[in-house]
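These are my notebook entries on one protein chain.

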Amino acid sequence: MRIGQSVDIHPLKERRELVLGGVKIDHSKGLDGHSDADVLVHAVAESILGALALGDLGTHFPDTDPKYKGIASIRLLEHVYVLMKERGYRIGNVDATIMAERPKMAPHIFSMRKNLASALHCQVDQISVKATRGEKLGFVGREEGITSLCVCLLEEVQ
């Protein structure tokens, strides 16, 4: 059994699509980054990499490599799944939180959970995604960015 945790943060930017958990969400701003900047998927992937002691996303998918420019982060998570499987582990559970002042996440959470479960070849009930607001405090509350936190438990495959 292994446990990993991670935090990811990206700034919000005009004329960018907002993608969280592989779900395109209608909003006036999107997250800025080399990929689609999906902070939820990044936090999940990095928590798994951390549990496996394999570094971070930048180690595996450097933002200096043009082949990752604009890539859907869910594709990166699918690669992380392969690394996990090759090392003899599977998902026990994932518990993630999105911190965003707006938009409302509730209508999208089940779709996010389904996308994450699909990429990780596990059941939806092994994936928890929650959301909270910044209550007008800090960069989240001022709507300057969105962050996500994640903890995962990996189980050794017998």
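**Entry 1: helix α1**

I began with the buried residues of α1, which are V39, L40, V41, H42, A43, V44, A45, E46, S47, I48, L49 and A51. That is 12 of its 13 residues, so I noted the helix as mostly covered. Buried here means under 20% relative accessible area, exposed means over 50%, and partly exposed lies in between, with a 1.4 Å probe and protein chains only. Helices (H or I, at least four residues) and strands (E, at least two) are DSSP runs, numbered from the N terminus.

The model is predicted: local features need pLDDT of at least 70 and side-chain atom pairs count only at pLDDT 80 or more, while totals for chains, interfaces and linings use all residues. Residues are numbered from 1 along each chain as its sequence is written, and side-chain values use heavy atoms, with hydrogens and water left out.

I then checked the length of α1. At 1.5 Å a residue, its 13 residues should span 18 Å, and the end C-alpha atoms are 18 Å apart, which agrees. The expected span is 1.5 Å times one less than the number of residues.

As a reminder to myself, an α-helix has 3.6 residues a turn, so residues three or four places apart point the same way.

**Entry 2: the sheet**

In what order do the strands of the open sheet lie? I read five strands in the order β4-β1-β7-β5-β6, with mixed pairing. Two strands pair if DSSP finds at least two bridges between them. The edges are β4 (29-31) and β6 (127-132); each has a single partner strand, so one side of each is left without a neighbour in the sheet. Neighbouring strands are turned by 20° against each other on average, direction ignored. For such angles, axes are lines fitted to C-alpha atoms, for helices over the stretch in contact, and angles run from 0 to 180 degrees between N-to-C directions.

I went through the pairs one at a time.

- β1 and β4 run antiparallel and are joined by three bridges. K13 has G30 in β4 as its bridge partner, and E14 stands opposite K29 in β4.
- β1 and β7 also run antiparallel, joined by 10 bridges. G4 has C152 in β7 as its bridge partner, and S6 stands opposite C150 in β7.
- β5 (residues 89-99) pairs with β7 in the antiparallel sense over 10 bridges. M99 has T147 in β7 as its bridge partner.

Most residues other than glycine have a negative phi, and most peptide bonds are trans. I listed the exceptions that I found.

- A37 is not a glycine but has a positive phi of about 65°. It lies in the loop between β4 and α1 and counts as buried at 0% relative accessibility.
- E143 has a positive phi near 60°. Its place is the loop between α5 (138-141) and β7.
- R102 and P103 are joined by a cis peptide bond, with omega about -5°. P103 is in the loop between β5 and α4 (109-120).

I also looked at G33, which is found in the loop between β4 and α1. At 17% relative accessibility, G33 counts as buried. The C-alpha atoms of G33 and G55, 22 residues apart along the chain, are separated by 19 Å.

**Entry 3: the largest pocket**

Which residues lie nearest the centre of the largest pocket? They are S35, H42, L57, F61 and D63, out of 15 lining residues. The elements giving two or more residues to this lining are β1 (2-14), α1 (39-51) and α2 (57-60).

On a 1 Å grid over the protein atoms alone, a cavity is a set of points where a 1.4 Å probe fits but cannot get out; a pocket is an open set with protein on both sides within 12 Å along at least five of seven lines, and lining residues have an atom within 4 Å of a point.

I noted the volume of the largest pocket as about 260 Å³. Grid points are joined across faces, edges and corners, and the volume is the space filled by probe spheres set on the points.

The lining divides into six nonpolar, six polar and three charged residues. Ala, Val, Leu, Ile, Met, Phe, Trp, Tyr, Cys and Pro count as nonpolar, Asp, Glu, Lys and Arg as charged, and the others, Gly among them, as polar.
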